[in-house]
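Biologist: Please take a close look at one part of this model, the packing of helices around the ligand. I would like one connected account, with the residues that make each contact.

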Amino acid sequence: TRPIELLNSALSETRVEREKIQVKDVVVHWFKCDLRTKDNKSLHLASEKAKEKGVPLIAMYIVSPQDFEAHLTAPVRVDFILRTLEVLKSDLAKLDIPLYVETVEKRKKVPERILELLGEWGASHIFATVEYEVDELRREASLVRACLERGIAMDVVPDTCVVSPGELTSGTGRQYSVYTPWFRAWVAYLHDHPDQLDLFDEPGKNPEGARKKYAKLFESKIPSAPENKKLTEEEKKRFRSMWPPGEHEAHERLEKFCDARIVNYSDHRNFPAKSATSSLSVHLASGTLSSRTCIRTARDRNNTKKLNSGNQGIQTWISEVAWRDFYKHILAHWPYVCMNTPFKPEYTNIDWEYNDEHFKAWCEGRTGYPIVDAAMRQLNHCGYMHNRCRMIVGSFLAKHLLLDWRMGERYFMEHLIDGDFASNNGGWGFSASTGVDPQPYFRIFNPLLQSEKFDANGEYIRKWVPELEGIKGNAIHDPYGRGKGNEAKKKGYPERIVDHKESRDRALSRYKAGIGRE
Ligand code: FAD
């Protein structure tokens, strides 16, 4: 049974019993990947439930170092989450809602601790948002039943996507595994159900007395990062200046992007030197912004209510936000992708190189391919990389270096501020040709052509590879091959660690043999 079905059955089999439960002392909202007050369906439902009987709402967040470890959460992302909790805590406090934060060292103990807290607080209802990773779905499925045994109604609300996994099935009743027909169905669904783009109100103020009664919970402190996820002082300073936390920042970014850049998005989005994309992925990954708000805001900037019509930039951006939904849909319906298994099983037996030196050069941005190196250095410096470059370095790792794509997938998760299992796994599957993308393995990005096309004057390369700063003209894309080797060498820039043609040929034959070995 797929974990999503376990959760769905837990919810449907307990529905009648849960609905009979009367509101007692408090209602609880458990924050996870939805760190916002605006347009948060689960938080909204919790607030409405509390209002029914005029009882207070308590919000909680559990810091689970082992979950961070298991999900390979980057320290920069942990820091962003913890800083966001500060913003959330102060916003909720204005509504007299406490945000109780506690660290639970062992991830297995999280459900047990939640049950204890609910008991202590006299909670009758708890609300949370669905997360589609396998362990989380399983945990929530058993928590729904464990709560009910204690007379508590737990609701796990699908609200991570604009259209939740399971809503769209093809004409033959099967799950889509190709983006284009899935996206057509996604658009049609939202046209047929325009209310799905209605935004949810923020929670109301807690009744008088909540502050006094729950004074201890208001005092709970946001912990510093767990030992396994600490940033250095220099990193803290650097990342914090780049990535202000919280939902106000997210909304401001969204508004600015929609005011100024969205209309040119389709023309400019592939050029990493331009600041043409929204940089909202960190907010979507942490839930400081809902994807519904993104689609609704973009749609309202268009001259039509149709999502696939009007301004091209708006349409393209909407279709990119939809990719996030698509990959969550893939994770929910093909959960084995969560277990180190490629979406296409026939790609399981590729004979990868496990060359540590090549992997190290890739991680450090020292492959001798300037566009690849610039991109990896952007990632290491910012915790972020432009989408075009993610595709270039992904293809380079899997095809040119013939390194197991899962090493790259892992490195990304360990360094991205927007690390999201579904999107990252989907992106790596695309880059290594092992994922849902129907393109065959012989699409191999030529890093030189990609560089010339998408960073034509070398602005992005010069920004991130200072050794090449002084190299003029199109030698920037291949200094050793275009007569600037001495200059590059003097500055310590490495020669190519692999030859393009040889590695392309090797990848083609190795992929072919691997698939043949099925
Ligand atoms: P915009 O271009 O402004 O797009 C808006 C939003 O749409 C993004 O914030 C994101 O939520 C979503 N989106 C856009 N493109 C994609 C896509 N291809 N797949 C899924 N969602 C998309 N995105 C992540 O959020 N987390 C990841 O861990 C991640 N890993 C990736 C790994 C690889 C190898 C590749 C090729 C792509 C990966 N992406 C990931 C997708 C994409 O690169 C980023 O979402 C995007 O670069 C974020 O920048 P932005 O917010 O300015 O995007």
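Modeller: In this predicted model, the contact between H18 and H20 joins Arg 390, Met 391, Gly 394, Ser 395 and Ala 398 of H18 to Gly 427, Trp 428, Ser 431 and Ala 432 of H20. By class, the residues of this contact are four nonpolar, four polar and one charged. The two axes come within 8 Å and cross at roughly 55 degrees. H18 and H20 are therefore oblique to each other, and their crossing is right-handed.

H20 also packs against H15. Here the axes lie 8 Å apart and the angle is about 90 degrees, so H15 and H20 are roughly perpendicular to each other. From H15, the contact takes in Arg 324, Tyr 327, Lys 328, Ile 330 and Leu 331; from H20, Phe 421, Ala 422, Ser 423 and Gly 426. Five nonpolar, two polar and two charged residues make up the contact of H15 with H20.

H15 has a further partner in H14, which covers residues 291-301. The axes of H14 and H15 are 10 Å apart, at an angle of about 165 degrees. H14 is therefore roughly antiparallel to H15. The crossing of H14 past H15 is left-handed. On the H14 side the contact consists of Ser 291, Cys 294, Ile 295, Ala 298 and Arg 301, and these meet Ile 314, Trp 317, Ile 318, Val 321, Arg 324 and Asp 325 of H15. The contact of H14 with H15 divides into seven nonpolar residues, one polar and three charged. Arg 324 of H15 is listed in the contact with H14 and also in the contact with H20.

Now the ligand. Its shell holds 29 residues, and the closest are Thr 277, Ser 278, Ser 281, Asn 424 and Gly 427. Helices H13 (281-286), H15 (312-333), H18 (387-400) and H20 (421-432) are the elements that give two or more residues to this shell. H20 gives the most, with seven residues. Gly 427, one of the closest residues to the ligand, is also among the H20 residues that meet H18. By class, the shell around the ligand has eleven nonpolar, twelve polar and six charged residues.

Elsewhere in the chain, an unreviewed UniProt entry lists residues 25-162 as "domain: Photolyase/cryptochrome alpha/beta". In the model, that span is 48% helix and 22% strand, and its end C-alpha atoms lie 33 Å apart.

Technical notes: Residues numbered from 1 in each chain as written. Predicted model: local features only at pLDDT ≥ 70, side-chain atom pairs only at ≥ 80, totals over all residues. Near = placed C-beta within 6 Å. Helix = DSSP H or I, 4+ residues; strand = E, 2+ residues; numbered from the N terminus. Nonpolar A, V, L, I, M, F, W, Y, C, P; charged D, E, K, R; others polar. Axes fitted to C-alpha atoms, helices over the stretch in contact; angles between N-to-C directions. Parallel < 35°, antiparallel > 145°, perpendicular 65-115°, else oblique. Left-handed = near helix turned anticlockwise from the far one by under 90°. Contact = placed C-beta atoms within 7 Å. UniProt positions renumbered as here; feature names shortened; annotations may be inferred.
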